[in-house]
Amino acid sequence: MSRWERGSCVLKCLDHWMKGNMAPFCSLARWNYFFLYDGSKVKEEGDPTRAGICYFYPPQTLLDQQELLCGQIAGVVRCISDISASAPALVRLRKLKFAVKVDGEFLWVLGCAVELPDISCKQFLDQLIGVFNFYNGPVSLAYKNCSQEDLRAEWDTFIEQILKNTGDLHKIFSSLWNLDRTQVEPLLLLKAALILQTCQRSPHVLAGCILYKGLIVSTQLPPSLTAKVLIHPAASRHQRRPAGGGGPQERGAALPPNVRIMPVFLTEEEATSLREFPREQAASPAAAPARLQQCSAQQPPHPRSTGAPTDNATGHVEPMAWMLAATPESACPDVAWPDGKGENGHLPGCDLENVKPAKLHSPPRDEGPGLGSSLVKELHLPWGEEEPDLSAIHIPEAQETETSSGYFALPSTGAPDGGGPCFEEFVRDSGDPAPESRDAPPVVMAISSVLSPSTPEMLSQNGALEQHDDLPGDSSQAPFPREDHLPGRTSRPRSWPCSDLRQRGTALPEGEQGVERSVGAHDSCSAPGGSALPESQDDNGPSADRRDPGLAPASCMGLVPTNLYTHSVNGLVLSLLAEEPLRGDDAAIEEVYHSSLASLNGLEVHLKETLPKDAAASPSRTYNFTHYDRIQNVLTANLPQTATPQDRRFLRAVSLMHSDFAQLPALYEMTVRNASTAVYACCSPAQETYFQQLAAAARSSGFPSPQDGAFSLPGKARQKLLKHGVNLL
Amino acid sequence: MKCVLVATEGAEVLFYWTDEAFAESLRLKFGRSENEGEELPALEDQLSTLLAPVIISSMTMLEKLSDTYTCFSTENGDYLYVLHLFGECLFVAINGDHTEDEGDLRQKLCVLKYLFEVHFGLVTVDGQLVRKELRPPDRERRVQVWEHFQSLLRTYGRLREREQCFAVEAVERLIHPQLCELCIEALERHVIQAVNSSPERAGEEALHAFLLVHSKLLAFYSSHSASSLRPADLLALILLVQDRYPSESTAEDDDPQETDSFSLPEEYFTPAPSPGEQSSGSTVWLDEGTPPTDAPQIAEDTLQMLVPHSPVASGPRRIFLDASVKESHCPMVPHTAYCLPLWPGINMVLLTKSPGSPLALVLCQLLDAFSLLEKKLKEGQEAGTTLRSHPLMGDLRQRMDKFVKNRGGQEIQSTWLEFKSKAFSRSEPGSSWELLQACGKVKRQLCAIYRLSFLTTAPGRGGPHLPQQLQDKVQSIMQEKLTDWKDFLLVKSRRNVTMVSYPHARAPRLVHFIYVDRTTGQMVAPSLSSSKRISSELGRGPLATFIRTKVWSLIRLARRYLQKGYATLLFREGDFCFSYFLWFENEMGYKLQIIEVPVLSDDSTCIGVLGGDYYRKLLRYYSKSHPAEAVKCHELLALHLSVIPTDVLVQQAGELARRLWETSRLPLL
């Protein structure tokens with residue numbers, strides 16, 4: 001439009017402006033397009049564009065329209081790649097924006113409404129691709145091995161689930177769907193975590209997560225993996241042959257009821273991160289249970305309500321931990337604790353005084369395999385007021401051990417490259433602003449801080465480096481020294497060179513007694529018929545062989561075949577990632593199944609009973625807030641399902657500010673205000689928090705004035721959000 | 001790695017500009033694929049080859065989806081492409097070095113389009129005619145035109161990067177009431193009146209005259225018959241002057257060899273304020289007490305500024321500006337601009353109106369009516385019959401008949417007859433499509449008349465203009481009047497010391513501020529020199545550079561949030577705290593309630609003045625709810641150290657705004 005036309009259309013422009021202004025913030029809630037296009041099928045002049053369309057959403061789009069979008073965007077992407085030597089990641093139109101990913105000849109494109117921040121649009125596409133690759137392997141192989149119809153059904157299922165479960169806020173942050181932890185009894189969260197740990201002790205199992213009605217109850221997986229497990233493939237999926245993975249594994253026995261095992265594909269980073277921390281256990285057997293405890297304890301059981309039993313705790317762990325997370329260098333000196341001693345030399349004492357008595361005084365008294373549940377009581381009870389009979393277990397130095405729980409983040413922050421998941425978990429823990437975040441027993445943390453060396457230097461000092469090297473990739477077979485407390489348990493035995501362990505034991509004088517005990521017990525129970533990793537691979541030789549042809553291409557595409565074991569009990573789903581041999585190992589499957597069945601049933605019943613039916617926010621809401629955990633990628637918010645105009649203003653501001661927080665790393669606080677609302681936001685490396693008051697503020701002029709309510713928002717946010725477990729101090 | 005391209009729907013290059021890095025990358029690309037020894041295709045052809053798929057695809061999308069590309073970004077934002085469709089021309093800006101964000105690129109495109117309008121006026125309405133102007137068939141002429149706009153783009157980029165006034169797009173004044181008064185009087189008596197009373201003026205009427213010291217405005221005088229000049233037009237004129245006579249601070253990096261002429265350290269005549277001076281609290285806001293004679297005498301040669309870049313004839317130039325003609329507002333009225341350099345760094349600009357402006361008004365109104373008609377036809381609801389009875393049509397027919405009768409051109413007559421037969425014939429009314437075609441033809445004829453009247457006979461191409469002697473006379477009079485002041489002015493423009501003491505003495509932790517009156521389009525800020533040689537109130541060196549980047553990023557953020565409707569912002573980033581306030585007040589300074597500022601899409605023309613005149617629209621929008629009073633709009637951007645508590649910051653900002661308001665109340669024009 002020329003300037004002149006503009007001039008004559010001023011009034012129209014103003015109308016348009018106003019309309020734009022009043023437009024509801026709702027188009028965010030849908031995706032416009034998603035498609036996968038195979039450029040290799042459209043090479044010649046005469047090739048129809050439709051030949052290259054592998055999948056198109058929404059499916060009812062006219063074929064002409066599909067061809068138009070695919071053809072044009074593919075052409076533009078090629079052209080831009082030519083000029084810039086890198087493909088466009090985002091193509092924006094006036095009313096649509098497309099996130100684009102080029103994968104060889106394949107082109108993935110997701111079209112969203114322009115209101116959605118660029119970064120979220122890209123993350124969504126990544127998530128979709130991730131889910132597809134997870135269940136189907138590399139896209140080129142998937143389309144080679146499976147029919148387009150099957151894969152179309154697969155896509156439809158993924159997209160339907162994502163669209164059904166993704167609210168506006170989830171879209172903005174592309175966050176995981178998590179259970180509102182304030183609505184759940186913290187003990188149940190801990191129980192879920194313990195179920196996962198129990199399963200982890202079964203052979204082949206790497207890590208897992210528990211979902212209830214599609215929401216995360218507890219997870220041991222990094223957020224990117226949890227996101228994939230959250231989405232179920234089409235029902236017929238597991239009967240199909242895997243695309244890039246192994247050949248059929250003829251199973252002798254049928255799977256237990258409600259259990260499915262399907263081949264899935266991890267990215268190399270994911271595989272490394274999953275396998276990494278059990279290997280650390282191997283290097284330091286005495287620490288294994290502690291590490292397990294630690295990992296699960298840090299992630300899920302963070303009840304964010306002030307009602308949590310551990311509310312008496314102070315938040316003093318947190319500022320320090322933040323600092324640590326932000327400045328890894330400062331952590332380095334501590335990483336090198338040469339003898340596994342805490343700085344104050346106090347922690348090992350803790351271990352001896354508190355953990356051991358706990359073990360001794362509370363023998364497992366639950367149903368069969370209930371290591372998990374017994375541990376729940378053992379470990380949690382110091383805070384659990386419900387069962388006073390065990391409150392005799394006195395933890396004298398709770399404060400100190402809390403402090404140390406900040407320290408135990410150090411080893412992994414010092415080794416960020418090797419620390420994969422641990423690093424994340426540590427940051428997660430330390431970065432969590434919720435004061436209740438340490439309801440995992442500090443005792444256990446103390447042990448871990450002492451006994452879980454994760455750096456090579458540490459290992460070599462302990463004389464255990466050789467062992468570490470000898471057992472590469474031995475992940476599923478981690479030893480569990482404390483199994484001696486569960487004599488009834490039949491686990492696959494393992495063998496460990498005692499000398500190594502003893503050596504390490506002596507290297508840890510403070511913890512010696514405990515370590516020795518564990519080691520001895522472990523040896524005795526694992527001695528017969530032990531199978532270290534090389535053997536177990538031999539055992540599964542045939543299946544490994546069968547896998548080979550498929551494995552090679554998958555691996556070279558950066559994907560690692562793995563198994564996903566899922567066990568659903570009504571709304572509750574236990575998902576475990578396991579090494580491939582699990583599929584062929586009936587005994588191991590039985591073990592996982594039986595070790596978790598009872599607890600899962602119990603957990604399901606409890607969750608059903610305790611979770612409120614209607615999660616609608618209370619009508620007396622006087623403010624909106626959103627707290628985003630950047631590490632775990634989960635949200636806490638109090639927005640209702642149906643957004644009011646004021647809520648939409650909040651969402652609009654949140655999406656803008658979230659983009660800026662992502663782009664400007666030094667930005668840590670923002671207040672934005674227009675005529676009808678003011679929104680305050682702050683962020684740290686670990687979290688982002690947004691706050692809006694709903695009460696209609698007195699209209700101001702916009703002239704800088706200290707009386708302006710917008711500038712008192714930070715104080716109000718600090719005060720109001722405390723009760724949601726969000727600490728902005 | 002920067003590039004700007006303007007192309008037609010058919011991917012024909014109408015204009016391009018690249019920086020050296022981008023040209024080099026093209027050379028590499030084409031050098032590799034072409035055979036050795038074979039000559040590389042011209043840069044424009046390389047660009048056209050590379051970008052044709054994108055251009056054609058965007059036209060296809062527009063046709064099929066009624067939507068088109070606005071932006072591409074590659075992984076990590078390494079490359080950013082911004083596309084904007086103006087009429088039938090697609091404007092593309094590319095950045096491959098992270099130095100500009102989407103807003104910057106879009107603004108650059110809007111500014112370029114605005115510069116086209118300033119140069120070609122209503123001819124830009126017609127795609128084919130503007131093509132003739134931007135891409136003359138004569139190769140030499142084409143190179144000349146492109147070089148001119150390439151140079152303007154470079155100058156614009158430089159000014160936007162270095163001058164606060166171009167960063168916020170508001171005119172910065174050189175504040176010195178005494179001198180200002182003297183200049184205004186001289187401009188009135190010895191320039192405007194002198195020209196208008198001269199018998200040699202050849203029908204030209206002097207309307208405005210103003211003095212610039214570097215990019216800052218010293219004094220401005222408009223004749224009584226003239227309508228006011230828009231801030232956007234004034235900024236565009238400053239840009240043109242800066243392009244023709246680049247001042248040393250903005251051009252020094254391009255001509256490093258020139259630095260030798262500056263052997264004297266500038267502290268010699270502008271000593272950096274010592275801490276004692278700063279804390280003395282003496283506000284130098286209006287430092288009338290600094291007579292120019294107090295300044296140490298500087299040898300003439302040390303103040304020798306750069307010679308103009310190109311010895312292009314500094315003759316008058318045809319430009320098109322908004323004006324009122326016969327009481328009615330008319331965009332793109334032809335003016336003639338004379339840029340008369342007084343000394344290097346100090347220029348006088350004289351704007352005259354040619355006798356043809358009533359014709360411009362008529363053409364403008366007719367084109368407006370036909371455009372409206374076209375729009376209705378495109379919307380499709382008005383077929384021939386209903387259209388004929390439309391009140392607009394009767395009026396249009398009458399005016400057009402009169403116009404054709406008076407002008408009497410052969411072509412316009414036949415085109416108009418053809419249109420009439422389609423639109424008004426009772427026997428065989430034309431279809432909408434036919435009418436649309438006929439309407440397009442009439443518009444083109446009108447544009448052609450406009451082009452013939454104002455561009456073909458432009459002063460630059462030998463059209464009528466003020467005789468050289470008259471220009472010389474006016475120039476020498478002003479030189480005479482200002483000769484005692486010129487050194488003082490040159491220094492003052494660098495250190496346009498508004499309130500040296502303010503930031504430190506009255507507002508601890510305040511690092512910088514920019515205060516803008518959007519009604520008058522003027523800004524006030526402590527100086528932030530980009531020059532290595534000239535220190536500003538913040539000193540020079542890395543700290544000053546660092547703060548400059550902070551200020552510029554604050555401006556960007558403020559724009560982005562204003563685009564999304566937020567009129568108040570407070571950010572804390574690293575060691576700094578940014579705040580931005582926009583408010584409205586009435587003539588008396590009474591603060592009015594804030595309204596919902598429109599939320600604009602990312603691809604809307606930017607929040608600026610040069611390309612889009614955002615604030616003018618905003619003011620009109622606001623005035624709709626306050627019809628009774630004159631509404632003023634102000635902005636304050638402040639940069640504090642982040643240790644400042646929010647309440648103190650807000651209080652300081654309020655006080656600062658009040659003080660600046662008081663001082664800006666002094667009549668200056």
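Visitor: How many salt bridges does a search of the whole structure find?

Guide: The search finds 48 salt bridges over all chains. A salt bridge here is a side-chain nitrogen of Lys or Arg within 4 Å of a carboxyl oxygen of Asp or Glu. This is a predicted model, in which local features need pLDDT of at least 70 and side-chain atom pairs count only at pLDDT 80 or more, while totals for chains, interfaces and linings use all residues; side-chain values use heavy atoms, with hydrogens and water left out. Residues are numbered from 1 along each chain as its sequence is written, and chains are lettered from A and ligands numbered from 1 in the order in which they are written.

Visitor: What makes B:Lys2 and B:Asp97 a salt bridge?

Guide: Their closest N and O atoms are 3.8 Å apart, and the limit is 4 Å. The pair links distant parts of the chain: B:Lys2 is in strand 1 of chain B, and B:Asp97 is in the loop between strand 5 and helix 3 of chain B, 95 residues apart. Helices (H or I, at least four residues) and strands (E, at least two) are DSSP runs, numbered from the N terminus.

Visitor: What is the salt bridge partner of B:Arg27, and how far apart are the closest N and O atoms?

Guide: The partner is B:Glu20, at 3.0 Å. B:Arg27 is partly exposed at 33% relative accessibility, and B:Glu20 is exposed at 58%.

Visitor: Why is the pair of B:Glu44 and B:Arg139 said to tie together parts of the sequence?

Guide: B:Glu44 lies in helix 2 (residues 43–65) of chain B and B:Arg139 in helix 5 of chain B, so the pair ties together parts that are 95 residues apart in sequence. Their side chains meet at 3.8 Å, N to O. B:Glu44 is buried at 6% relative accessibility, whereas B:Arg139 is partly exposed at 47%.

Visitor: Which residues of helix 4 of chain B are buried?

Guide: In helix 4 (residues 127–134) of chain B, they are B:Gly127, B:Leu129, B:Val130, B:Glu133 and B:Leu134. They cover an arc of only 160 degrees around the axis, so they lie on the same side of helix 4 of chain B. The arc is that of the directions from the helix axis to the C-beta atoms.

Visitor: What do the buried residues of helix 4 of chain B pack against?

Guide: They pack against strand 2 (13–18), strand 5 (89–95), helix 3 (102–120), helix 5 (139–162) and helix 15 (432–454) of chain B. Contact means heavy atoms within 4.5 Å.

Visitor: What makes B:Asp126 a cap of helix 4 of chain B?

Guide: A side-chain oxygen of B:Asp126 lies 3.0 Å from the backbone nitrogen of B:Gln128, which caps the N-terminal end of helix 4 of chain B. A polar contact is a pair of N or O atoms within 3.5 Å; within protein, one must be able to donate a hydrogen and the other to accept it, and residues adjacent in sequence count only if both atoms are side-chain atoms.

Visitor: How many residues of chain A and chain B are in contact?

Guide: 66 residues of chain A are in contact with 92 residues of chain B. The area buried between the chains is about 7,300 Å², with 60% given by carbon and sulfur atoms. Buried area is the accessible area (1.4 Å probe) that two parts lose on being put together, summed over both. Between chain A and chain B there are four salt bridges.

Visitor: How do you know that A:Glu669 and B:Arg572 form a salt bridge?

Guide: Their side chains meet at 3.0 Å, N to O, against the limit of 4 Å.

Visitor: Where is B:Ala11, and what is its phi?

Guide: B:Ala11 lies in the loop between strand 1 (2–7) and strand 2 of chain B. Its phi is positive, about 65 degrees, although B:Ala11 is not a glycine. At a relative accessible area of 7%, B:Ala11 is buried.

Terms used: Buried means under 20% relative accessible area, exposed over 50%, partly exposed in between (1.4 Å probe, protein chains only).
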